[in-house]
Each structure stands twice: as structure tokens, then as C-alpha cells.
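Me: I am new to this structure. Please take me through one part of it closely, and link that part to what surrounds it.

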Amino acid sequence: MEKIIDTTNAFLVDEFEADADLIKPEANLKEVLDLDSLDYIDLVVALESNFHFKVQPGDFLPLVTFNDFYNYIHAQIQKKEAA
């Protein structure tokens with residue numbers, strides 16, 4: 001899980017210019033990243049290229065905190081490895 005968090009935070013800071021100090025597990029994902037609809041497309045591409053799984057439409061709807069986001073990534077990796 002630590003690798004997921006480190007990788008995710010690195011591309012959020014590098015590609016989305018997120019403030020690393022604001023990226024905390026309990027922080028609100030949408031408020032901190034302040035992404036528009038095009039940014040979400042870029043986020044999907046970044047996830048798929050960094051973690052090698054396919055993001056489905058609507059996957060981000062239930063995600064509120066960064067911890068939710070990390071858990072989502074972890075669950076998708078687990079599904080991929082189990083297949």
C-alpha cells in the first residue's frame with residue numbers, strides 16, 4: 001500500500017501540480033486537486049499507465065478522500081492480479 005501511496009502522490013504532484021502538503025489520507029480528493037473534466041481524463045490516463053488497470057466510468061463517484069482513492073487503486077490491482 002505504501003508503494004501505491006508514494007506512486008500516486010508523486011504523479012499528482014508532478015502532473016497535476018497538487019500541493020504535496022495538502023495530500024493527506026483524510027483530505028477531500030476533489031477539493032485538494034480541484035480538477036475539471038479534462039483533468040479527470042488525464043487522471044484516468046495517469047492511473048491506467050502507472051498501475052496498468054482499466055478505469056471504468058463512474059469509478060470516481062464514490063471516492064471522497066485520498067484514502068478512498070488509495071483503497072480504490074489497491075482494490076483494482078488486487079482484482080487484476082486475481083484474474
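Reply:

**A helix and its surroundings**

Start with α3. This helix has 15 residues, and its first and last C-alpha atoms lie 21 Å apart, close to the 21 Å expected at 1.5 Å a residue. Keep in mind that the model is predicted.

Leu43, Ala46, Leu47 and Phe51 are buried. Around the axis they cover an arc of only 100 degrees, so they sit on the same side of α3. The face turned away from that buried side carries Ser37, Leu38 and Ile41, which are exposed. What covers the buried residues of α3? The cover includes α1 and α4.

**Across to α4**

Now turn to α4. It has 17 residues, which at 1.5 Å a residue should span 24 Å. The end C-alpha atoms of α4 are 24 Å apart, so the two values agree.

The buried residues of α4 are Phe66, Phe69, Tyr70, Tyr72, Ile73, Gln76 and Ile77. They cover an arc of only 155 degrees around the axis, and therefore lie on the same side of α4. Lys79 and Ala82 are exposed on the face turned away from the buried side. The cover over the buried residues of α4 includes α1, α2 (29-33) and α3. So α3 is part of the cover for α4, and α4 is part of the cover for α3, because contact means heavy atoms within 4.5 Å.

Take tyrosine 70, which is found in helix α4. Is tyrosine 70 buried or exposed? Its relative accessible area is 1%. Buried means under 20%, so tyrosine 70 counts as buried. Leave aside its neighbours within four places in sequence, and tyrosine 70 is in contact with Met1, Ile4, Ile5, Thr8, Asn9, Ile23 and Pro25. Aspartate 39 is 31 residues away from tyrosine 70 along the chain, and the C-alpha atoms of the two are separated by 18 Å.

Glutamine 76 also lies in α4. It is buried, with a relative accessible area of 14%. Which residues touch glutamine 76, leaving aside its neighbours within four places in sequence? Phe53 and Lys54 are in contact with glutamine 76.

**The loop between**

The loop between α3 and α4 holds glutamine 56. At 42% relative accessibility, glutamine 56 is partly exposed. Valine 44 is 12 residues from glutamine 56 in sequence, and 9.1 Å from it in space, C-alpha to C-alpha.

**The largest pocket**

Last, the open space. The largest pocket holds about 180 Å³. Which element gives the largest share of the lining? That is α4, with five residues.

The lining is made up of Lys3, Ile4, Thr7, Asn50, Phe51, His74, Ile77, Gln78, Lys80 and Glu81. These residues divide into three nonpolar, four polar and three charged. Some names return here. Phe51 lines the pocket and is also among the buried residues of α3. Ile77 lines the pocket and is also among the buried residues of α4. Ile4, another lining residue, is one of the contacts of tyrosine 70.

Terms used: Residues are numbered from 1 along each chain as its sequence is written. This is a predicted model: local features need pLDDT of at least 70, side-chain atom pairs count only at pLDDT 80 or more; totals for chains, interfaces and linings use all residues. Side-chain values use heavy atoms; hydrogens and water are left out. On a 1 Å grid over the protein atoms alone, a cavity is a set of points where a 1.4 Å probe fits but cannot get out, and a pocket is an open set with protein on both sides within 12 Å along at least five of seven lines; lining residues have an atom within 4 Å of a point. Grid points are joined across faces, edges and corners, and a volume is the space filled by probe spheres set on the points. Helices (H or I, at least four residues) and strands (E, at least two) are DSSP runs, numbered from the N terminus. Ala, Val, Leu, Ile, Met, Phe, Trp, Tyr, Cys and Pro count as nonpolar, Asp, Glu, Lys and Arg as charged, and the others, Gly among them, as polar. The expected span of a helix is 1.5 Å times one less than its number of residues. Buried means under 20% relative accessible area, exposed over 50%, partly exposed in between (1.4 Å probe, protein chains only). The arc is that of the directions from the helix axis to the C-beta atoms.
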